Amino acid sequence: MTETKRVVIVGGGITGLAAAFYLQEAKREHGLPLEITVVEASDKLGGKIETVRRDGFVIERGPDSFLIRKKSVERLARALQIDDQLVRNATGQAFVLLHDRLHPIPGGSVMGIPTELSPFITTELFSWLGKLRAAGDFIMPRSRVKGDQAVGPFFRRRFGKEVVENLIEPLLSGVYSGDINYMSLQATFPQFVQAEKKHRSLILGMRKSKSKQLPQKDSHSSKKEGAFHTFRNGLSTLVEALEAHLTDVTFLTNTSVQDIERTGDRATLTLSDGQVLQADDVVLTTSHRIAGDIMKRHDILQEIATIPTTSTVAVSLAYNADQVVQEQNGTGFLVSKKNNYDITACTWTSRKWPTTTPDGKVLLRAFIGRVGEEHFVEYSDEQLVDIAKRDLGKIFTIKGDPDFHIVTRFKKDRPQYRVGHKERVAHARAQLQEHFPMVQLAGASYDGVGLPDCIDQGEAAATRIIQSFS
């Protein structure tokens, strides 16, 4: 009879919970002798996912949605029988703030790359010289760079400085809260590398793949469907369902891993409360910095431990509907660096996600801080609310104070996927394979920061463990 395999998952965020889920499913379905433990340093599960439900509002402190075309969250929701609670975002015009004006993002653009010429020609986001320079993409040869390169220089070569600064940079940097001048193209937007390689022109390449990149119109409606999903009562719905479902899993919260030793083919984990756990397999889903700290004594994972992080702040403001007057009918805007604003983006949450807000109310979510401007994370809640109100008040009319506010600080927790990121991660995994082959890395620091990316990594880690039984 096969001996029981003991698995310890370090970190109870969505990656760790997904790994635990798929291990438990395999245990139940195939009768595998598995003992699963999740060790979480904080007092709650879910990691960055945290929904506040207050006075009829549904307010996210962390991520607020995920891309529908990435299917792992929907698949997990279906397995948990909560897929009937999924809702799409309401579609509407998104803007870029430039020179104190909100400019509509040109229709048909895919992450800032035009696929329809008419909206691009008529937009006031760019000068005619900037538009002519961007049209050079049609004749620009393929990049001769071998290996990885930075996002910023890649797009400036194809479209010119103006289009990058006024549109592409606000769009792309927002996804990773990073600086596109150092951001790895291979690790963040490899589809653009493939489009250039296959079609030479990015405009032509993204136009041909647009049907795969963007949601289609409903066959019974002329209205375009939203590209994002969330749960009617917030993303914590997913975490709560996982907690309720994972009855074969032992959770150790308020507990951290201090050290991992190798004992033959097994790992010995020393915990902060003095416990010692023996494990046949370990899945490290913590941030890269914490993974580096755990392995520091063994001089392993020290290169990835130095991956830069950045800090940002999110400020949610709840108002009565008559307190906020905005002429533009949109769902949010991004802020070009050319503006003298501290906010970097704003989601008109009550319009984009109508299920989050009671009738007669408005919910706004502003983001403050970017790479090089991380001091805001140390400001008081009152200072941050004042900054958000001041900057938003330059764009539309806000009367009086909000009913309440919620401030969330993301302090040094946004990993920066810089040039060479994939090679650094591959090297770290090779180190583990040599010295700690029973330990795996998974999570937002490595192979994608979105919820589907993290779930995919958790499932992949579980699959590798399950396959070891065969």
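A residue is called buried here when its relative accessible area is under 20%, exposed when it is over 50%, and partly exposed in between, as computed with a 1.4 Å probe on protein chains only. The structure is a predicted model, in which local features need pLDDT of at least 70 and side-chain atom pairs count only at pLDDT 80 or more, while totals for chains, interfaces and linings use all residues. Residues are numbered from 1 along each chain as its sequence is written, and side-chain values use heavy atoms, with hydrogens and water left out.

We can begin with T15, which is found in helix α1 (residues 14-30), where helices (H or I, at least four residues) and strands (E, at least two) are DSSP runs numbered from the N terminus. T15 has a relative accessible area of 6% and is therefore buried. When its neighbours within four places in sequence are left aside, T15 is in contact (heavy atoms within 4.5 Å) with T285, A442, G443, C454, Q457 and G458.

Another buried position is I307, with a relative accessible area of 4%, although I307 is found in a loop, the one between α12 (302-305) and β17 (309-320). Not counting residues up to four places away in sequence, I307 touches H288, Q416, H421 and S445. The C-alpha atoms of I307 and P415 are separated by 6.8 Å, and these two residues are 108 residues apart along the chain.

S201 sits in the loop between α8 (190-199) and α9 (202-213), and because its relative accessibility is 0%, S201 counts as buried. Leaving aside neighbours within four places in sequence, S201 is in contact with D137, F138, R158 and A195. The side chains of S201 and D137 are also joined by a polar contact of 2.6 Å; such a contact is a pair of N or O atoms within 3.5 Å, where within protein one must be able to donate a hydrogen and the other to accept it, and residues adjacent in sequence count only if both atoms are side-chain atoms.

A polar contact of 2.9 Å joins the side chains of E378 and K411. E378 and S311 are 67 residues apart in sequence, and their C-alpha atoms are 9.8 Å apart in space.

Turning to backbone geometry, most residues other than glycine have a negative phi. D55, which is not a glycine, has a positive phi of about 50 degrees, and D55 lies in the loop between β3 (51-54) and β4 (57-60), where its relative accessible area of 59% makes it exposed. S177 likewise has a positive phi of about 50 degrees without being a glycine, but S177 is buried, with a relative accessible area of 14%, in the loop between α6 and α7 (185-188).

Helix α6 also takes part in a helix pair. In that pair V151, F155, R156 and F159 in α5 meet K161, V163, V164, I168 and L172 in α6. The residues of this contact divide into 7 nonpolar, no polar and 2 charged, with Ala, Val, Leu, Ile, Met, Phe, Trp, Tyr, Cys and Pro counted as nonpolar, Asp, Glu, Lys and Arg as charged, and the others, Gly among them, as polar.
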